Amino acid sequence: MDRKHLLIISLLLLVLQDTTGLESQGQAYPLVVATWPFKDAVRAAWRSVHERGSSAVDAVIDGCSACEELRCDGTVGPGGSPDENGETTLDALIMNGTTMEVGAVAGMRFVKDGIKAAKLVMDHTEHTLLVGEMASIFAILMGLPGPTNLSSSESIEKWTNWKRNQCQPNFRRNVFPENSCGPYHLRGEKLNSCREAEGKLKLHSNLVGQHNHDTISMAVIDKWGRIAVGTSTNGATFKIPGRVGDGPIAGSSSYADDEVGAFGATGDGDVMMRFLPCYQVVESMRQGMEPQRAASDAISRIARKFPTFVGAVVAVNRNGVHAGACHGWTFQYSVMNSTLDDVEIITVVP
């Protein structure tokens with residue numbers, strides 16, 4: 001047997017190994033992967049991409065929209081996570097991994113369809129991100145329902161109880177007064193309203209625990225192998241009004257590139273967005289890392305600088321191989337493909 005035939009046989013064996021590896025994890029196009037056990041959202045995306053033959057982008061929109069309508073865990077869509085003023089605002093992002101186009105909204109008020117508003121930004125503007133009331137006006141003028149009160153009886157009750165507890169815990173630090181609802185000032189300012197109180201109170205670090213804000217980040221690979229990702233959240237509970245987390249930031253909450261794969265994140269967005277973990281993972285996979293190693297590497301980079309942070313990531317390469325990693329909590333993500341009878345929940349431990 002000459003060298004040419006040996007080379008052909010070797011290449012065939014390599015292809016067979018790759019195929020066997022994919023079958024062992026049960027991957028085939030199309031594929032839906034999402035943070036957390038948001039089964040109904042994943043089913044909606046699956047019906048879209050599998051049964052109706054929708055594109056990856058449209059399937060992400062359908063899946064995230066379902067989560068917004070269902071108010072997944074009270075942390076996606078309207079009716080949850082009030083800010084310091086008791087108001088619910090929305091952040092969302094959609095990214096097309098084929099064209100690398102992105103649309104996003106942040107701090108959006110009065111419009112309940114966050115992910116659809118993000119798609120309008122992507123499809124009908126040259127911009128990437130619109131924020132606040134201007135994002136709301138844009139979305140309404142482009143046909144989305146509104147203005148709508150995004151608060152609910154549950155979110156108002158949560159906010160009322162928080163106010164009764166002297167607005168504790170909160171996201172303020174190095175301010176005075178510490179244990180009340182403000183108004184807040186820099187420490188050391190000798191304002192008439194708090195001059196005497198400064199001398200009586202013992203100042204101490206205001207340590208705030210991790211608040212629940214279980215962002216949905218979803219990745220879809222359609223039957224043509226095209227990849228899209230989306231994120232939707234109503235942010236951190238009792239956040240300072242105007243705060244924007246990682247949700248609408250490409251490369252932070254999610255990222256996609258058809259040539260490589262996709263990635264989604266959830267957790268302490270204020271910390272995670274400083275590291276762009278989703279971009280980091282996709283680039284690590286581009287350099288040859290497997291999804292598991294790339295995900296773990298991204299989490300460890302954050303943990304080295306912020307050892308008490310809470311967060312999780314899920315990665316999927318363009319062949320459909322997926323893996324998750326987390327820090328500070330036990331994380332679960334959802335998977336659906338044609339080899340499964342229903343959505344599979346995968347648990348990841350720190």
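Helices (H or I, at least four residues) and strands (E, at least two) are taken here as DSSP runs, numbered from the N terminus. The structure is a predicted model, in which local features need pLDDT of at least 70 and side-chain atom pairs count only at pLDDT 80 or more, while totals for chains, interfaces and linings use all residues. Residues are numbered from 1 along each chain as its sequence is written, and side-chain values use heavy atoms, with hydrogens and water left out.

Right, so what is tucked away here? "Buried" stands for under 20% relative accessible area, "exposed" for over 50%, and "partly exposed" for anything in between, using a 1.4 Å probe and protein chains only. After the helix comes Gly53, with a positive phi near 70°.

Just after α5, Gly143 takes a positive phi of about 110°.

Next come the cysteines. A disulfide is counted when a pair of cysteine sulfur atoms lies within 2.5 Å, and a search of the whole structure turns up two of them. One joins Cys67 to Cys72, with 2.2 Å from S to S. Its torsion about the S-S bond is about -135°, so this disulfide is left-handed. Cys67 and Cys72 are both buried.

The other disulfide joins Cys167 to Cys181, with an S to S distance of 1.9 Å. Cys167 lies in the loop between α6 (153–164) and β5 (175–176), and Cys181 in the loop between β5 and β6 (185–186), so the pair ties together parts that are 14 residues apart in sequence. With 100° about its S-S bond, the link of Cys167 and Cys181 is right-handed. Cys167 is buried, at a relative accessible area of 3%, whereas Cys181 counts as partly exposed at 27% relative accessibility. Counting bonded cysteines along the chain, the disulfides follow the pattern 1-2, 3-4. Cys64 is in no disulfide, and the nearest cysteine sulfur, that of Cys67, is 7.0 Å away. Cys64 counts as buried at 0% relative accessibility, and Cys278 is buried with a relative accessible area of 0%.

Finally, there are the annotated sites. UniProt positions are given in the numbering used here, feature names are shortened, and annotations may be inferred rather than shown by experiment. An unreviewed UniProt entry places the feature "active site" at Thr215. Thr215 is in the loop between α7 (195–200) and β7 (216–221), and at 4% relative accessibility it counts as buried. Setting aside neighbours within four places in sequence, Thr215 is in contact with Thr35, Trp36, Phe38, Thr231, Ser232, Thr233, Ala265 and Thr266.

Thr266 turns up again in the UniProt "binding site" annotation (unreviewed entry), which covers Arg243, Val244, Gly245, Asp246, Thr266, Gly267, Asp268 and Gly269. Among these, Gly267 is found in strand β10 (261–267) and is buried at 3% relative accessibility. Asp268 is in the loop between β10 and α8 (269–272), and its 18% relative accessibility also makes it buried. Arg243 is in the loop between β8 (227–233) and β9 (254–257), and counts as buried at 15% relative accessibility. Leaving aside neighbours within four places in sequence, Arg243 is in contact with Gly235, Ala236, Gly269 and Asp270. With Asp270 there is a polar contact between the two side chains, at 3.0 Å. Such a contact is a pair of N or O atoms within 3.5 Å; within protein, one must be able to donate a hydrogen and the other to accept it, and residues adjacent in sequence count only if both atoms are side-chain atoms.

Definitions and conventions. Contact = heavy atoms within 4.5 Å.
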